[in-house]
Amino acid sequence: MLNKEDLFIRSICLKQGLKDKGPIAEILNSNLDWDYIFNQARENKALSLTYRTLLNIKNIEKIVPQDFWSALKNAYYLTLKRNIIIFNTLESVAGLFKNEGIDIIIFKGPALIELAYKDMGIRPMADVDIFIKKHDLARIDAILKNNGYAASFDIEELLRSNSSLYRDTL
């Protein structure tokens, strides 16, 4: 059986009970272990989601402990700032590729943020994943190097081999 903190986290992630009634509001009236909630949210990369979800509860900043609320808010805005930088860089790089007639497909983080989350501050990103055609790899490498980027793997070795960066595990 889940403890009340885990029920609170589950309610947040499922966005249940967001009016002043329902699971979250009921649980808020009990004595919660806020450190446990924060650590679980951090461990599951859900600090920003927790912050944005709790914003829908009237006077939430007066209900939860101030240090908990400040930490959630800081996590959200740090994620937002980082993601804005990543998105701006992605837009610039995608523009370079487009100008050279190179097609790319953006997936995972940026795609999920635009299609599912609709809020750049909710989902943390550390990098950007794109699909490219292998025959464009040398051109892409040159474009990136000419614009101050460096590969984190050996492009020449990859071009000589018949392998790809990702292998099918099925």
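A residue counts as buried when its relative accessible area is under 20%, as exposed when that area is over 50%, and as partly exposed in between. The exercises below apply this to a predicted model.

**Exercise 1.** Determine whether each partner in the salt bridge between Lys145 and Asp141 is buried or partly exposed.

*Solution.* Begin with the pair itself, whose side chains meet with an N to O distance of 3.2 Å.

**Exercise 2.** Work out which parts of the chain are linked by the salt bridge of Lys108 with Asp129, and classify both residues by accessibility.

*Solution.* The closest N and O atoms of Lys108 and Asp129 are 3.4 Å apart. Lys108 sits in the loop between β1 and α7 (109-117) and Asp129 in strand β2, so that the pair, 21 residues apart, links distant parts of the chain. With a relative accessible area of 45%, Lys108 is partly exposed, while Asp129, with 9%, is buried.

**Exercise 3.** Explain why α4 can be described as largely enclosed by the rest of the structure.

*Solution.* First list the buried residues of α4, among them Leu47, Leu49, Tyr51 and Leu54. Then count: 7 of the 8 residues of α4 are buried, and the helix is therefore largely enclosed by the rest of the structure.

Notes: Residues are numbered from 1 along each chain as its sequence is written. This is a predicted model: local features need pLDDT of at least 70, side-chain atom pairs count only at pLDDT 80 or more; totals for chains, interfaces and linings use all residues. Side-chain values use heavy atoms; hydrogens and water are left out. Buried means under 20% relative accessible area, exposed over 50%, partly exposed in between (1.4 Å probe, protein chains only). Helices (H or I, at least four residues) and strands (E, at least two) are DSSP runs, numbered from the N terminus. A salt bridge is a side-chain nitrogen of Lys or Arg within 4 Å of a carboxyl oxygen of Asp or Glu.
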